[in-house]
Amino acid sequence: MKKKLSHLVIGALAYSFLPVMVQAQDAGCDAACEAARKAANPLADIRAIMTDNTVAFRTGTDEEDSYNFQIQPVYAVPLDGANLVLRGIIPIQGVAPGAVLPPGIGEPTQNSDLEWGIGDSTVQAFYAPTPSGNISLGYGLQVSLPTHTDDALQGAGWGAGPAFVIFGQAGDLSWGGVLAHMWGESDFNTTILQPILIYGLGGGWYFGYNNVISYNWNASNNDEAWLVPLGLTVGKTIITNDEKGTALDLSAGYYDVTQSPTGGPNRQFKFGISFFF
């Protein structure tokens with residue numbers, strides 16, 4: 001299992017960074033296509049309210065569904081030769097008894113019923129120098145704030161850690177990834193990897209992989225540490241006002257969780273509704 005899991009993670013990384021070596025010609029990209037590329041780019045110069053929502057199936061002691069709805073305001077501040085990309089993550093969660101918090105971190109919860117409320121929020125700041133080519137790099141810090149409304153929804157509490165982003169374009173293929181770590185209260189110690197591999201189909205339509213792989217360093221063994229989803233997301237970006245540059249992005253995806261800790265899901269349904277200003 002460990003060997004198979006290593007191959008899966010290495011494969012996800014390889015597919016994320018393989019397009020660096022691809023010399024693809026862009027056949028043309030209209031306004032909807034450009035908006036779709038910005039929607040996939042964590043370092044894009046945008047102002048947006050994004051959402052990243054997950055229904056996690058068969059979690060916890062009774063194999064009930066859990067829910068994680070994230071509101072993500074994004075604001076890029078132009079600097080001299082760079083952008084400062086500020087991103088917030090405010091989770092609204094419904095956690096089943098004995099489930100682990102998404103993305104599969106920490107110890108199983110002790111609640112006796114499905115617990116709804118706000119989890120711990122995260123603020124990220126990326127410094128992204130203006131790229132000279134098709135590859136953008138960003139590095140910065142993420143901070144966790146103890147905004148949870150119930151002990152069952154506590155994640156890192158007060159916490160902090162580094163975060164790095166790489167993003168590139170090769171024709172219709174957008175690729176990259178986010179690598180981040182968080183240390184927090186109660187020995188919270190988790191790394192996340194978010195590979196991004198999106199292929200544009202024209203007219204704002206796209207498909208690909210965009211999900212979070214996590215590793216809990218405090219788990220008792222590797223089988224309990226990893227959460228690895230594999231699947232596909234499909235979406236469309238719609239220009240709502242060309243003159244003002246506003247757009248709406250809609251996406252949905254299905255992922256099979258090939259490795260999950262006790263209390264974690266076996267499948268995920270993801271959907272997003274995002275507004276760009």
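I took helices (H or I, at least four residues) and strands (E, at least two) as DSSP runs, numbered from the N terminus. Thr 240 lies in strand E12 by that count. This is a predicted model, so I noted its limits: local features need pLDDT of at least 70, side-chain atom pairs count only at pLDDT 80 or more, and totals for chains, interfaces and linings use all residues. Residues are numbered from 1 along each chain as its sequence is written, and side-chain values use heavy atoms, with hydrogens and water left out.

**Entry 1: the whole chain**

I counted 3 helices and 14 strands. I called a residue buried under 20% relative accessible area, exposed over 50%, and partly exposed in between (1.4 Å probe, protein chains only). Of the 277 residues in the chain, 47% are buried. I set a contact at heavy atoms within 4.5 Å. Among contacts between residues at least 6 apart in sequence, 57% join residues at least 24 apart. For areas I used the Shrake-Rupley method with a 1.4 Å probe; for residues, only the protein chains shown count as cover. The accessible surface of the chain is about 13300 Å², and carbon and sulfur atoms hold 60% of that.

**Entry 2: Thr 240**

I went back to Thr 240. Leaving out residues up to four places away in sequence, Thr 240 touches Thr 246, Ala 247 and Leu 248. I also checked Ala 32. Ala 32 is 208 residues from Thr 240 in sequence, yet the two C-alpha atoms are 9.7 Å apart.

**Entry 3: nonpolar cores**

In soluble globular proteins, nonpolar side chains tend to be buried together. I searched for cores, meaning sets of buried Ala, Val, Leu, Ile, Met, Phe, Trp, Tyr and Cys residues joined through side-chain atoms within 4.5 Å. The largest has 18 residues. Ile 46, Ala 48, Val 74, Phe 126 and Phe 276 have the most contacts inside it. Two or more of its residues come from each of helix H2 (31-40) and strands E1, E2 (64-79), E5 (121-129), E7 (159-170) and E8 (173-184). A second, separate core has 9 residues, including Ala 99, Leu 153, Met 182 and Phe 188.

**Entry 4: strand E11**

I counted strands as paired if DSSP finds at least two bridges between them. Strand E9 (residues 189-202) joins E11 by 4 bridges, antiparallel. Ile 192 stands opposite Ser 214 in E11. E11 also runs antiparallel to strand E12 (residues 226-241), with 2 bridges. There, Tyr 215 faces Trp 226 in E12. Are the two faces of E11 covered or open? Both are covered: Ile 213 and Tyr 215 on one side and Ser 214 and Asn 216 on the other are all buried.

**Entry 5: salt bridges**

My cut-off was a side-chain nitrogen of Lys or Arg within 4 Å of a carboxyl oxygen of Asp or Glu. The whole structure gives 4 salt bridges.

- Lys 270 pairs with Asp 52, with the closest N and O atoms 3.0 Å apart. The pair links distant parts of the chain, Lys 270 in strand E14 and Asp 52 in strand E1, 218 residues apart. Lys 270 is buried at 9% relative accessible area, whereas Asp 52 is partly exposed at 23%.
- Arg 47 pairs with Asp 45, with the closest N and O atoms 3.1 Å apart. Arg 47 is partly exposed at 27%, and Asp 45 is partly exposed at 37%.
- Arg 58 pairs with Glu 63, with the closest N and O atoms 2.4 Å apart.

**Entry 6: Arg 58 and Glu 63 again**

I checked the backbone of this last pair. Arg 58 sits in strand E1 and has a positive phi of about 60°, although it is not a glycine. Glu 63 is in the loop between E1 and E2. Its phi is near 55°, again positive in a residue other than glycine. Arg 58 is partly exposed at 39% relative accessibility, and Glu 63 is partly exposed at 44%.
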